[in-house]
Amino acid sequence: MEIYLPIAEMSVHWLIILALGTAVGLVSGMFGISGGFLLTPILIFYGIPSPIAVATTASHMTASSMSGAIAQWRKRAIDFKMAAVMLAGGFAGTGVGVWWFALMRAKGQTDLVVSVSYVVLLGVIGGIMLNESVRALRAARAGTVEPARRGGQHNWIHGLPFKMRFRDSRLYISVIPPLALGFFVGVLSAVMGVGGGFMLVPAMIYLLRMPTNVVVGTSLVQILCVTAATTILQSVNNYSVDIVLALVLIVGGVIGAQFGTRLATRLRGEQLRLILALLILGVALRLLYGLIATPDDLYSLQVSTP
Amino acid sequence: MTRSILAAMLVVLAASGARADDLVSGLSQDQIQITSSYTGTDIVVFGAIQSADPSAASGDHDIVVVVRGPGAEMVVRRKVRVAGVWINRDAMTLSGLPAYYFVASNRPLKDIAIDETRERYQLGLETLEPLSESTHSPAKAEPFRLAAIRERAREGLYRETPTAVEFLSYSLFRVRVPVPATVPRGEYTAEVYLFRDGSVISAQTTPLYVDQAGLERKVFSFAHGEPLLYGLAAVLMALLLGWLASVVFRQPG
């Protein structure tokens, strides 16, 4: 069964796209991430032009973070004040990212920019996670317990000016780190089509020292708003959101996410992180191969019909 | 479909008067509508040769059929290895090359006509030239032109089939033209050339329209006409589906 995508101007098997959406939804449900870093490269491998893959993945993540954010909101596990500060940075970052993306597209460097940012980011994150989860697994086997981090520790972040009180996070810190974090993730969302949850969550825990119970909900609100803004900006600047593709991906994604959440309860945290780390490194290696392997044809073509 | 084409061919034949070596031709359909189930299609170009001298051998005639898409702007880029990574370096813009090009004949084009003739009518993939005068030297531009043709051929959008023209009788011919799913919208032309002794003695051009239809057309013009509303609609759809999912799959407790 094939379906014609009006913006990508190509036809795809809708069952394959639904299955891709479900698989990514499964992963995102399992690990509590939006899964954009997997979906965008998979769509590109499938043959969807990279600008459309990046922009459409953003709307897919809007849907998945919406359902996640509602669940967290019911548990009152969202720090809206922190989310608002991060969003101020996030919207600015999205604007800069979309503008930069349009510039790179005009210069024909989209594929390079997307691939290089993925390889660097996924390589670093995957490496850190692999290292951390292997150490945790070894420690668990040896019967020792990793020392837990104590709250209230001070680091360089506490020396920054413009402090603000975040009651739900029980924090009194400068607004600069959350603004900068939001900005950085906003740029990533626009350029790479990722939600950035896999970076936000650790940064909020280790850098901002937010309590773990509000981290996931707050990052989901941030992702929800940033990906929604990305979807609109990409539509306006690049005409690259394919709503038919998004619909099929979202339907698959929300179903997969439900099974993923249930599957996650049966696995141990370290095992889960090990699997995710290997997944991330696998994607990074595949993209790296694409960058350094000699292409079949040194020439490439970009066609526009008036 | 085959039956209706044959009927149409008979009508075409009956309607045409006897003139000096002449050509009549038609298309199985004069427009292609891209709908949600569109996965590419075939159109049939058919026609008949009318010989002024019925006793002349049919072997002297050659038929070349060309289907040409709207002109496109193509940017060809060449990758260069920099620090181990392949990046796009040199770029050249070629405008006026057709977005789609199909040529079929009853025998290899080189045997039908000399290079100059084929270049004048742009018959054959290697004869396709961009419209604009390039500021680059021909020697530098040539690999880019060839690369564009090669890439379009790989995507199935440029095609040369030297023996695809079928003669059903001494004068009746037809050719099946595959139109892949990725063809762009626009005005196409189907050209039929009748050759005798290496020169064109008759030619006919028929327009063919390719357009999105139904919902696809609406979505496309919405996205390009009202991009802000379109983006908002995409976000609204995502929010609704996300909310729906959280309601449907709400965990008890």
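# Reading a predicted two-chain model

Q: Which residue stands opposite B:Ile34 in β12(B)?

A: B:Gln212 holds that place. The numbering of residues starts from 1 along each chain as its sequence is written, while chains are lettered from A and ligands numbered from 1 in the order in which they are written. This is a predicted model, in which local features need a pLDDT of at least 70 and side-chain atom pairs count only at pLDDT 80 or more, whereas totals for chains, interfaces and linings use all residues.

Q: In which sense do strands β2 and β12 of chain B pair?

A: Two strands pair if DSSP finds at least two bridges between them; strands (E, at least two residues) and helices (H or I, at least four) are DSSP runs, numbered from the N terminus. Here β2(B), residues 31-34, and β12(B), residues 199-212, are parallel over four bridges. On β12(B), a pairing with β11(B), residues 186-196, is also found, antiparallel and with 11 bridges. Within it, B:Tyr188 has B:Leu208 as its bridge partner. Two residues separate the strands of the β11(B) and β12(B) hairpin, where B:Asp197 adopts a positive phi near 50 degrees.

Q: What is the strand order of the four-stranded open sheet in chain B?

A: The order is β1-β3-β10-β9, with antiparallel pairing. At the edges stand β1 (22-27) and β9 (166-167) of chain B; each has a single partner strand, so one side of each lacks a neighbour in the sheet. The antiparallel partner of β1(B) is β3(B), residues 41-50, and six bridges join the two. In that pairing B:Val24 faces B:Ala48. Chain B as a whole contains six helices and 12 strands.

Q: Which residues of helix α7 of chain A are buried?

A: A residue is buried if 20 or more other C-beta atoms lie within 10 Å of its own, exposed if 12 or fewer, and partly exposed in between, with C-beta atoms placed from the backbone. In α7(A), which spans residues 197-207, the buried residues are A:Gly197, A:Phe198, A:Met199, A:Leu200, A:Val201, A:Ala203 and A:Met204. Their cover includes α2 (36-46), α5 (110-142), α6 (176-192) and α8 (212-238) of chain A. Just after the helix, A:Arg209 has a positive phi of about 60 degrees. Turning to the other chain, 32% of the 253 residues of chain B count as buried.

Q: How many residues does the largest nonpolar core have?

A: In soluble globular proteins, nonpolar side chains tend to be buried together. A nonpolar core is a set of buried Ala, Val, Leu, Ile, Met, Phe, Trp, Tyr and Cys residues joined through C-beta atoms within 7 Å. The largest one has 153 residues, and those with the most contacts inside it are A:Ala246, A:Ile250, B:Val45, B:Val64, B:Val65 and B:Ala148. The largest share, 13 residues, is supplied by α8(A). Both domain 1 (2-212) and domain 2 (214-253) of chain B contribute, so this core lies between them; the domain bounds come from an automatic or database domain assignment.

Q: Which residues does A:Ile250 touch?

A: Two residues are in contact if their C-beta atoms, placed from the backbone, lie within 7 Å. Leaving aside residues up to four places away in sequence, A:Ile250 touches A:Gly21, A:His60, A:Ala63, B:Ala238 and B:Leu241.

Q: How many residues of chain A are in contact with chain B?

A: There are 45 from chain A, in contact with 53 of chain B. On the chain A side, the largest share is eight residues, from α3(A). That side divides into 28 nonpolar, 14 polar and three charged residues, where Ala, Val, Leu, Ile, Met, Phe, Trp, Tyr, Cys and Pro count as nonpolar, Asp, Glu, Lys and Arg as charged, and the others, Gly among them, as polar.

Q: Where is confidence lowest in chain B?

A: pLDDT is the predictor's confidence in each residue, from 0 to 100. Where it is low, the predicted coordinates should not be read in detail. In chain B the lowest mean, 57, belongs to α1(B), residues 2-15, and the highest, 94, to β7(B), residues 101-105. Chain B averages 84, with 86% of the residues scoring at least 70. Chain A averages 83, with 94% of the residues at 70 or above. For the complex, the predictor gives an ipTM of 0.80 and a pTM of 0.75.
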